[in-house]
Amino acid sequence: MDKNVEKMQVRQGYRNLWHTDLISTIRADTPYCCFAVWCAPCASYLLRKRALYNDMSRYTCCAGYMPCSGRCGESRCPEFCLCTEVFLCFGNSVASTRFLLQDEFNIQTTQCDNCIIGFMFCLQQLACIFSLVACIVGSDELREASQVLNILADLVYCTVCACMQTQHKIEMDKRDGNFGPQPMMAVPPVQQMSRFNQPTPPPVGYPSQPAYGQPYGYPPPPQAQGYPPAGYPQPAPAYPLNR
């Protein structure tokens, strides 16, 4: 429990943003949003597998964010466990994939997205309360109101989950470089004399420029778009500087 609270506190300090907010997902990728509405468990399965880089040996139930994680025999049959998760615990499967991407890329949830998700939860709770009161009181008016609220809550739930899954898909498209090829050649920047061990700030949101000494005309190594490179030491230049 303490670890989950600590993760939530750390997640509040993330500074990167989703490539597309929840409101813009329908316009950003309409076909996939429709697919996420009509085949929501299938979309959740595919997105979780893609979030794990198609390596199902890394799969853990609910991505390790639930008490049942690691106790369901995932290592023996991860595909079957993931199918069970997305069908029986669909809401947790979507939220777990979201947390997985946020922790990997330090992505925060905007206040607008929080309001949308919070409204979905509040509407579900309100519909549940109306249903309980209608059963206790036996009023036909309350029963009809509870049915309307339940239908409205289900519509909002399906819509928000579809938008969230579309948001995850667009973020992984960005990670995998599916927004178009990077330019093969570019005008080299002005070269400045620097020491070999001088750190270079990582380019965030832009394609990386060729390092000094790297022959122009060759593409740089593949890198997830929009994210800083991993914290490994920079490679030494291909040719030493002339003293």
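Analyst: Buried means under 20% relative accessible area, exposed means over 50%, and partly exposed lies in between. The model is a predicted one. By that cut-off D173, at 9% relative accessibility, is buried.

User: How many disulfides are found in the whole structure?

Analyst: A disulfide requires two cysteine sulfur atoms within 2.5 Å. The cysteine sulfur closest to that of C89 belongs to C62 and is 5.7 Å away, which is too far for a bond. C112 is not in a disulfide either, with the sulfur of C115 nearest at 6.6 Å. The search of the whole structure finds zero disulfides.

User: How far apart along helix α8 are K169 and D173, whose side chains meet in a salt bridge?

Analyst: The N to O distance in this salt bridge is 2.9 Å. K169 is buried, at 16% relative accessible area. Because K169 and D173 are four residues apart in helix α8, their separation is about one helical turn.

User: Which residues are joined with K169 and D173 into one network of salt bridges?

Analyst: D176 and R175 also meet through their side chains, at 2.9 Å from N to O. R175 is buried at 6% relative accessible area, whereas D176 is partly exposed at 36%. Through shared partners, the salt bridges join K169 and D173 with D29, R50, R175 and D176.

User: Which residues form the nonpolar patch that includes V137?

Analyst: V137 is located in helix α7, residues 111-137. V137 is exposed, with a relative accessible area of 56%. The patch has about 400 Å² of accessible area together, and its members are I129, V133, I136 and V137.

Definitions and conventions: Residues numbered from 1 in each chain as written. Predicted model: local features only at pLDDT ≥ 70, side-chain atom pairs only at ≥ 80, totals over all residues. Heavy atoms only, no water. Patch = residues over 30% accessible without salt bridge, like charges linked within 9 Å, V, L, I, M, F, W, Y side chains within 5 Å. Areas by Shrake-Rupley, 256 points an atom, 1.4 Å probe, with all protein chains shown as cover. Salt bridge = Lys/Arg side-chain N within 4 Å of Asp/Glu carboxyl O. Helix = DSSP H or I, 4+ residues; strand = E, 2+ residues; numbered from the N terminus. Buried < 20%, exposed > 50% of the residue type's maximum accessible area, 1.4 Å probe, protein only.
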